[in-house]
Amino acid sequence: MEFVGVNRVYGQVVALDDCFFRLMPGELTFLVGPSGAGKTTLLRLINREIKPTCGEVWVDGMPAHDLPARRLAELRRKVGVVFQDFKLLARLTATENVAFALQVTDLKISDGEARERALDALDAVGLHNRAGHYPDQLSGGQQQRVAIARAVVSQPPLLIADEPTGNLDQETAWQIMTLLEDIAKFGTAVLIATHNMEIVNRLQRRVLTMAAGRVVDDRPAGRSARMMWAASS
Amino acid sequence: MGGILVGPRPPRWRTFRTVARNGSRYLVGSAVRNWVRNLGSTAPALGSMTLLLLLLGLGLLAVLVGQTVAATEARDASVLHVYLRDNATDVDVNTLTARLQGDRYVQSVTYVSKDQALVRAQSRPGLPQLANAAESNPFPASLDVQIRSIDRVGSVDALARQSPAVDAGVPSSYDPTAYGKFQQVLFWSAAIGIAFLLLLAFIAVTVTSNSIRAAILSRRDEIGIMQLVGAPTWMIRGPFVIEGAVTGAAAGTLAGLLALAVAVAAVEAGASSFAQIAPGLTLQAGLAIALLLLVLGLTLGSLSSLGSVRRYLES
């Protein structure tokens, strides 16, 4: 996934200004910065919820910046998305939530296959024993695991997560981050927007720091540092 | 992570069955389920569309009757029936016939006796009962004058009225204003009817669009997730279009049945009375109009919901 000179302007407000960066397969990257720095705008550009004002966004060889509407579904199947508020369907069980994502993207997947793959995904996120539970019967951390299982069940090359631990306590947040790290190990590029600096510093992975719509720092994995925006706040 | 199952390719019939099952579940099943669940918010759309289609159906029935009457009027307008007195002498009748045949605007003159007039009346809707009810033959002998131009009917009529053979009470079938008035009434009725139907169509489409918009809003979480995971556009829009089609089909069926009931009632009432209530109207025509209303309802419902979906559902 690559951003090449991407700008996004809302009226008079520049939300994203001349962004360049590239994510490689299997790379886990944190996107940090104060509120309003442009993190969510950047994530929304990746699965083409919005279009860039100028510049190019490439996802697994597809030009997200210039994709006709009829090919958006194809792009979105390449991008797993995880949100802070989980976005699970309350009327479906954990298995059904995951299987639903499979079957609405490919009608050729039978009930049996969808269920089997959903159970595999739930097993991978440690929720095999909660497969038949409805979202309101699960804790926040468990719901986020179901959301992650749904995001990765079709094995997309890229996973983006917008504040995935925002609603979770520190211990659960750590478990979720470890899970996302495991997903990256299997070759998926993972981009996580977060405010949780403790986890960012502990995991020692690549960190993109944003401020006022610009990527102001790009620190490679393994270098512990205090973030610029944190220093200024 | 969840691995993709690897195995032999399933037979084509099984894939087809899976697609059909999933399609019916996620498209048709979901649409019908939502239609039933949202019946309260769909009711205004259903009502306005039924009203529109019913009025259209009744309008079509009226057009059918109007066309029959207009054709009869046009045919009759160029034929002048000159009614003869019951005691008219053969000489007077022959003289009148000769004078009419001598007129350059007259194409032909045919003598119709009282018996022939009765037979003819018995073939006309509504008149047999009248003929049977009368003790003696009430229909006069006449000369049927076929005139070349409808504009010359008046002058030929004036010529005929001079003859002593003509019935002084009802000399002829000529009414200088009747046909023109009839045409005008037909024209203005059609114009007002079409304007009214267009207004109603606008209301029905707007109300249906709004009900689909409400359905979209009530399912925005599910739609959001479907968009998020990359469901194809037709998969997201399909259930709403089908939901609109179901509304249209229900409205079409209701309106069709009501229109058919009106047609059947008119045919039956016409058959059992002296007056011809709906000339040209048959049971087959009523059935055809009912079927047309069903198809129109389906089309209108699908198209208005498709428009709404395109407008309110971001891709």
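## Where the two chains meet

In this predicted model, 28 residues of chain A are in contact with 24 residues of chain B. On the side of chain A that touches chain B, the elements that give two or more residues are helix H2 (72–76), helix H3 (94–103) and helix H4 (111–124) of chain A. H4(A) gives the most to this side, with 6 residues. When the residues of that side of chain A are sorted by class, 14 are nonpolar, 4 are polar and 10 are charged.

## A sheet in chain A

Strands of a sheet pair through backbone hydrogen bonds, and the pairing may be either parallel or antiparallel. In chain A, 4 strands form an open sheet, and their order is S2-S1-S4-S5, with antiparallel pairing. Strand S2 (13–22) and strand S5 (62–63) of chain A stand at the edges, and because each has a single partner strand, one side of each is left without a neighbour in the sheet.

The link between strand S1 (residues 2–10) of chain A and S2(A) consists of 6 bridges, and these two strands run antiparallel. A:Val6 stands opposite A:Cys19, a residue of S2(A). Helix H1 (residues 39–46) of chain A lies across S1, S2 and strand S4 (54–59) of chain A, and the helix runs at about 60 degrees to S2(A).

## Two loop residues with positive phi

A:Lys87, which is found in the loop between strand S6 (79–83) and H3 of chain A, has a phi near 55 degrees, a positive value in a residue other than glycine. With 17 other C-beta atoms within 10 Å, A:Lys87 is partly exposed, since a residue counts as buried at 20 or more such atoms and as exposed at 12 or fewer.

A:Glu163 lies in the loop between strand S7 (158–162) and helix H6 (170–185) of chain A, and its phi is positive, at about 50 degrees, although A:Glu163 is not a glycine. A:Glu163 is partly exposed as well, having 19 other C-beta atoms within 10 Å.

## Two packed helices in chain B

Two packed helices are described by the angle between their axes and the distance between the axes. In chain B, helix H3 (residues 90–102) and helix H6 (residues 153–161) pack at an angle of about 155 degrees, with their axes 10 Å apart. That angle makes H3(B) roughly antiparallel to H6(B), because angles over 145 degrees count as roughly antiparallel.

H3(B) passes H6(B) in a right-handed crossing. Where the helices touch, B:Leu96, B:Arg99 and B:Leu100 in H3(B) meet B:Val156, B:Leu159 and B:Ala160 in H6(B). The residues of this contact comprise 5 nonpolar, no polar and 1 charged.

Terms used: Residues numbered from 1 in each chain as written. Chains lettered and ligands numbered in written order. Predicted model: local features only at pLDDT ≥ 70, side-chain atom pairs only at ≥ 80, totals over all residues. Contact = placed C-beta atoms within 7 Å. Nonpolar A, V, L, I, M, F, W, Y, C, P; charged D, E, K, R; others polar. Pairing = 2+ DSSP bridges. Axes fitted to C-alpha atoms, helices over the stretch in contact; angles between N-to-C directions. Parallel < 35°, antiparallel > 145°, perpendicular 65-115°, else oblique. Left-handed = near helix turned anticlockwise from the far one by under 90°.
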